[in-house]
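Have a go at each one before you read its solution.

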Amino acid sequence: MTTTVETFGEPITPDEAGLQAKARDHLWMHFARQSVMEDGHGVPIITRGQGHHIWDDHGKQYIDGLSGLFVVNAGHGRKRLAETAAKQAEQLAFFPIWSYAHPNAIELADRLASYAPGDLNRVFFSTGGGEAVETAFKLAKYYWKLQGKPTKHKVLSRAVAYHGTPQGALAITGIPAMKEMFEPLTPGGFRVPNTNFYRAGEMGAPTDDVEAFGVWAANRIEEMIQFEGPDTVAAIFLEPVQNSGGCFPPPPGYFQRVREICDKYDVLMVSDEVICAFGRIGHMFACDEYGYVPDMITCAKGMTSGYSPIGATIISDRIYEPFKHGNTSFYHGYTFGGHPVSAAVALENLDIFEEEKLNERVRENSPLFRAELEKLLDLPIVGDVRGAGYFFGIELVKDKNTKETFDDDEAERLLRGFLSKALFDAGLYCRADDRGDPVVQLAPPLTIGPDEFVEIRQILESVLTEASNHL
């Protein structure tokens with residue numbers, strides 16, 4: 001049977017029509033409006049990846065400007081990782097780490113501990129970032145109960161920050177529009193200001209000195225701890241570079257001040273590195289870039305470059321101590337946590353990082369990437385370019401002089417009505433995001449270099465110029 005359905009303007013074949021029909025009838029996409037399939041436009045179907053490129057079911061090529069979802073750090077099409085997964089599946093496809101162990105989980109825990117700073121020596125595996133955050137949240141509360149401080153159960157995080165969708169992680173997430181439909185939430189989540197220096201004036205913060213702004217932002221954490229009561233606050237969750245809202249890097253000295261505050265009030269510091277770890281900022285763990293040692297690190301995504309799912313919470317000896325002897329157990333876990341195949345792939349992926357010096361590559365090339373993107377500041381619609389490593393956000397504004405942003409209807413027309421489709425049509429897969437102020441986010445595979453920076457900037461320049469005219 002023939003069809004007239006089109007996907008993003010392209011006519012599709014009967015085979016493709018069958019996939020679209022099955023997707024429309026049965027697939028529930030994540031974080032997406034199902035109406036894109038229900039209204040007959042269909043959904044883009046990606047069939048192949050190689051290096052920093054992906055292809056759709058029409059054979060059209062795109063730059064993967066988001067590493068899938070901040071995940072495919074070593075790039076697509078690594079046969080070596082696929083072969084590692086197949087070999088391990090033949091030998092031991094699955095065994096839990098519930099009172100048992102297998103070599104890959106042991107070796108990967110050892111490897112991660114060797115990368116982690118300070119005394120973060122214990123690794124609790126999960127299958128993704130949200131689960132890693134959930135683990136840290138539960139462990140923080142339990143730890144303080146074991147210390148004889150059962151009222152320390154509240155957790156702090158920053159405005160507009162995303163930390164996951166499980167009930168506990170959602171309570172830590174600082175995006176009201178993502179939470180209101182699921183209320184009442186797990187209690188105990190409280191918000192402090194983020195480090196968006198571009199919007200410092202709107203927060204009543206210093207606008208002429210980024211270091212003073214950082215001290216101001218960190219001091220709001222102390223203020224919140226004092227307001228809620230130090231005996232009630234268990235932990236604070238912070239990304240090294242905050243993703244949601246558009247890549248907010250920390251001001252100089254910010255994390256050092258936060259560490260001081262956490263030590264003063266007995267609050268655990270959790271570095272949520274689900275996105276920032278494994279090269280995104282040019283280190284295995286981004287806390288090394290910013291010179292702080294947290295009490296826990298949560299990580300996932302780039303650990304396997306997406307070739308198999310895994311997550312982990314890396315824990316300090318101090319927090320592990322109550323569980324080291326006697327009958328105390330952490331009654332928490334996941335069936336597929338530390339999966340043999342995923343752990344094998346992670347070890348091989350980390351070998352690639354070391355052999356190809358991907359972290360060094362990011363640190364060397366990041367200034368070139370930034371310089372290329374900052375050329376977009378000449379466009380009237382671009383208010384700010386910010387980020388670190390291979391992780392940048394481009395904030396879009398209605399008026400550069402006043403920094404006036406778009407209202408909800410304008411953002412809807414700009415991002416969903418024009419930009420997302422126009423960028424994709426132009427050959428760039430990235431994220432146009434309005435969880436805070438409207439931004440375009442970029443987090444390409446760590447294997448790209450100066451030539452690709454230029455290509456990405458040229459596509460953005462063309463589409464954003466058209467967006468300005470369109471508005």
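**Exercise 1.** Work out whether the overall size of this predicted model agrees with that of a compact globule.

*Solution.* Start with the chain length, which is 471 residues. For that length, a compact globule would have a radius of gyration near 23 Å. Now look up the value for the chain: 22 Å, so the two agree. To picture the outline, note that the C-alpha trace spans about 65 × 60 × 45 Å along its principal axes.

**Exercise 2.** Find His-339 and decide: is it buried or exposed?

*Solution.* Step one is to locate the residue. His-339 sits in the loop between helix 11 (317-320) and helix 12 (340-356). Step two is the cut-off: buried means under 20% relative accessible area. His-339 has 15%, so it's buried. Step three is to see what it touches. Skipping neighbours within four places in sequence, His-339 is in contact with Ala-93, Phe-94 and His-102.

**Exercise 3.** Sum up the surface and the charges of the chain.

*Solution.* The accessible surface comes to about 20300 Å², and carbon and sulfur atoms account for 52% of that. As for charges, there are 44 positive and 66 negative side chains. The centres of these two sets lie 4 Å apart.

Conventions. Residues numbered from 1 in each chain as written. Predicted model: local features only at pLDDT ≥ 70, side-chain atom pairs only at ≥ 80, totals over all residues. Heavy atoms only, no water. Helix = DSSP H or I, 4+ residues; strand = E, 2+ residues; numbered from the N terminus. Buried < 20%, exposed > 50% of the residue type's maximum accessible area, 1.4 Å probe, protein only. Contact = heavy atoms within 4.5 Å. Rg over C-alpha atoms; globule rule 2.2 N^0.38 Å. Areas by Shrake-Rupley, 256 points an atom, 1.4 Å probe, with all protein chains shown as cover. Lys, Arg positive; Asp, Glu negative; His and termini not counted. Charge placed at Lys NZ, Arg CZ, Asp CG, Glu CD.
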